[in-house]
Amino acid sequence: MKLLKTPKIYSILFILFYCNFLIGQKEIQTTYIRPSIVNLYGQSEPNNKYNIALKNLKKYSSPLKRFDKLTVDYPKIILKNLIELPLKPVLPKMPIKPDSNATKKDISIYNEQVRSFLKDKSKYKSDIRKFNTAVSERNESQNRQIDKFIKQSSRDIIGTWFSRDSLGNMSSDLWNERVNHAKTDDHVNLAKNSAINRTTLLGEDLIKKTYVIIHLVDKIYTYKEFYDNKDRENEISGKYQKKKNKPILRLKEGYLSEYKSYLYKLDFNDSLLIDFYDRYWLDEYIKTGREEKIADWEKATFPINYLSLHNFKQDNSQLSKNHYLKMMKTNPAMLVMYNKKIKSIPPVENLIPRIGAVNLTSKVLNINIKNIEDFKLKVPVFSAYPILAKIGTKEGIKKNKRWAIYEIKIDKNGHQKKHKSGYARITEIGQNDTIASGNSATSIFRQHGGKRTYSGMLLEPKHGGFFEFGIGNTYSSTNKSLQGTTFDIGFRLFSSTKIGYDYTFTEFKIDNFVGLKLEKKLEYTDSTNFTHKFSDTLVKKSSDVKGTATSYNFNFGKEFLIGDRGNLILEPRIGLGWSKYKFKYDNLVSDSVENIIPDDQIRNLYTLKSRTIVFSIEVGYHLTPKIILSLRPSLVSRLKYESNSQNNAKVSILDGNDDSSWGFDKLNGSITFPMFFGVKFKL
Amino acid sequence: MRISRKYYISILILTFIICPLLNFGQMRNAKKKANKDTKSWRYEIEGVSQGVQGTYLIKVWSFSKRNKVAIEQAKKNAVHGVIFRGYQGSTKGVRPQKPLTKESNLEQEKEMFFNEFFADGGKYMKFVSLTNNGAVAPGDRQKLGRFLAREHKIGIMVSVKKDLLRKDLEDAGIIRGLNSGF
């Protein structure tokens, strides 16, 4: 722990983190080969509800479009000898210590409770240890059985890839079918110019990218059991509390189910393939040595590696009668409707057929889509400009999503390193669902900043870029109250429309300030309903006055990218907001006013506020794909100023030497042309 | 230090003019440099697969940033490679191929012929075609070096009609026929 407090460790961690970016890989994966997903199933108990859940899992589990499903006919696993878990122990809350007015009896009861609590605590410690041991033993037993099951199934997965039949004969029918579906134009064009068609070699790559997901129905329990357990926990927890625990209000009825999904990868390689052909391959033309090969096959297993475990829960419930009874109490006007609802509540058993109706496969794949390199879409730029890439509906890509453009650099050690050169968004999706012919449809991308893109550069999804943050300065010569440090945030709604928020603030100091005056006499009614009337002007004459001028607006804009690379941005915006002067009134306010009117009321009097309508056009230039140099001329229409004072006493400014440049002479409405200059960051 | 408004505005204008102009620097001399590389025949060649009857299917690595330039240079380089260099085999089962000529100084001896042969739009174009419409395959565009020494190595797959090329060179008397020695 001491080490963590020293700055050295952070320096070392930073250097290691930085080095990680400097070190290249020997070869970067530049092609997307469709992974095949095998779903296998298991259950922790052999009862009917578990069977239904498993049946539904099978029905609903399908992979995302970028993956291929490989259906393997393999029986489900029913886990055996799993430990029945005891109820989770709960530690009661500490007894409440009596206060100084407590009687001797109270103190003796408290002491008795403390003794009892300490006994409970000691028992809890031992029980929770037993409970945790039981949980880990149960998990270990589950993992062991699943691991054994998956190893046994590996043979059938390979058998499915080679269409093995009951006689042991194999064929490359499925292999060819999958190759036809997965091949790209590059494969086809190469085949057209080659004497030997090597597209079938793609099949080897497809097998190497076989992933297996085992979905296990782990627990199914009713909402009644769930609420009963909550009541038990609350009762134990409040054992030494004075307040009696009420049973939890049972607003739902139905079923809760828990699932575990194990992700594995088949570890198949070239040497295993050669070994496979040598030891196990059989077809109808092989007449000798069949029995030995069949016997070998029965004992065969193939390496398969565990990757991750994911837990999921499904809530299969409906609102109970108790819920509607509660609603009747809070909203009696709807009594008739709630009565009708109660009468129409279907029997809770009707929910059973929906247990397990969830696509866990897509959930597992979505979780791992950024972690597993094989799952990441990647495609080379086919041509530019417009940027075209041979990817589309077959991979399930979506319009407007952001992709990063990479070029591959070779470092001095000959290692490859990806270098991001820009971003692009999909504007048109190619319909490439058919088998690649060498001239497949392409998707069109619009570059959003960065360096020039060339054919052969790599495109990878890099979702984001929805949030922008800008900082800079706004200048306004005719009205300095609209200038100052500016923060600008924006959210991208679709491909080019944005909503944003601008905030500008500056401090003002005016020499020889003459003063503020009231437009009508100030009156203040205090808490005793007495109305004070002030005859004086609101402020004393002061040599100078200080304060803060702020302006902010919520805006809506549309981005137009100019040029192939989209480096130049034009973004017209319209916004609605407020502009404020906040005076530092400490030295200005008269004693009579200060003594009677509360501070917050005076502050309101000294805050002048006006609505604004802002039209602006941002001209931006991408310095890097994530950083934009921004210049934004605006037209700000400022309406008449108001004050938030209690009796609507309005103030205006007396003549002064420096008033006009701060816009005090335009308090009844004005038009100003401020200009923002700064940098924006796309996050 | 207080910056005057005029000074500030001129900085703004200059920034917006200079930033886009900086990128034009990349365009200069691309073609010129590639031509220079081609003149010194700076390229790498490798077999991709066994080509259809009478052809070689090869990948030529040329050095240029621009695709169009790289494609044109790749075609010249491919034909040059087939005549003078040949290529190594690969682990993918591609056999090595010897060059069409073994005479090391043939290029200098027949300089006039080859200058014309490899001129822009020259006869070499008859014997070479792009296999993938000139698209660069994934991973075949690589950036080398740093800062001023930076350049791009681009691999383009081409098909060279080696039988036709041999016959043409034999007819022109540039190389000897396969059976001329017997």
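## A buried strand, a cavity and a salt-bridge network

In strand S2 of chain B, B:Tyr56, B:Ile58, B:Val60 and B:Ser62 point one way, B:Leu57, B:Lys59, B:Trp61 and B:Phe63 point the other way, and all are buried (under 20% relative accessible area, with exposed meaning over 50% and partly exposed in between, for a 1.4 Å probe and protein chains only). This is a predicted model, in which local features need pLDDT of at least 70 and side-chain atom pairs count only at pLDDT 80 or more, while totals for chains, interfaces and linings use all residues. Residues are numbered from 1 along each chain as its sequence is written, chains are lettered from A and ligands numbered from 1 in the order in which they are written, and side-chain values use heavy atoms, with hydrogens and water left out.

- Helices (H or I, at least four residues) and strands (E, at least two) are DSSP runs, numbered from the N terminus.
- Eight of the eight residues of S2(B), residues 56–63, are buried, so this strand is largely enclosed by the rest of the structure.
- In a regular strand, side chains alternate between the two faces of the sheet.
- S1(B), residues 44–49, runs antiparallel to S2(B) and is joined to it by five bridges (two strands pair if DSSP finds at least two bridges between them).
- Six residues lie between the strands of this S1(B) and S2(B) hairpin, where B:Gly54 takes a positive phi near 80°.
- S2(B) also pairs with S5(B), residues 151–160, in the antiparallel sense over eight bridges.
- B:Lys59 of S2(B) stands opposite B:Glu46, and in S5(B) its bridge partner is B:Met157.

**The largest cavity**

- The structure holds five cavities of 30 Å³ or more; on a 1 Å grid over the protein atoms alone, a cavity is a set of points where a 1.4 Å probe fits but cannot get out, and lining residues have an atom within 4 Å of a point.
- The largest cavity has about 230 Å³ of space, a volume being the space filled by probe spheres set on the points, which are joined across faces, edges and corners.
- Its lining has 20 residues, and the closest to the centre are A:Asp502, A:Thr504, A:Asn553, A:Val614 and A:Val636.
- Strands S15, S19, S21, S22, S23 and S27 of chain A each give two or more residues to this lining, and S19(A) has the largest share, with four residues.
- By class, eight lining residues are nonpolar, nine polar and three charged (Ala, Val, Leu, Ile, Met, Phe, Trp, Tyr, Cys and Pro count as nonpolar, Asp, Glu, Lys and Arg as charged, and the others, Gly among them, as polar).

**Salt bridges**

- Over all chains the count is 45 salt bridges, each a side-chain nitrogen of Lys or Arg within 4 Å of a carboxyl oxygen of Asp or Glu.
- A:Lys498 and A:Glu468 form one, with their closest N and O atoms 2.8 Å apart; A:Lys498 lies in S15(A) and A:Glu468 in S13(A), so the pair ties together parts that are 30 residues apart in sequence.
- Both A:Lys498 and A:Glu468 are buried.
- A:Arg573 forms a salt bridge with A:Asp502 at 3.6 Å between the closest N and O atoms, and because A:Arg573 lies in S21(A) and A:Asp502 in S15(A), the pair ties together parts 71 residues apart in sequence.
- A:Arg573 and A:Asp502 are both buried.
- Salt bridges that share partners join residues including A:Glu468, A:Lys498, A:Asp502 and A:Arg573 into one network.
- In helix H9 of chain A, A:Arg279 and A:Asp275 lie four residues apart, about one turn of the helix, and their side chains meet in a salt bridge (3.6 Å, N to O).
- A:Arg279 is partly exposed at 37% relative accessible area, and A:Asp275 is partly exposed at 27%.

Key:
On a 1 Å grid over the protein atoms alone, a cavity is a set of points where a 1.4 Å probe fits but cannot get out, and a pocket is an open set with protein on both sides within 12 Å along at least five of seven lines; lining residues have an atom within 4 Å of a point.
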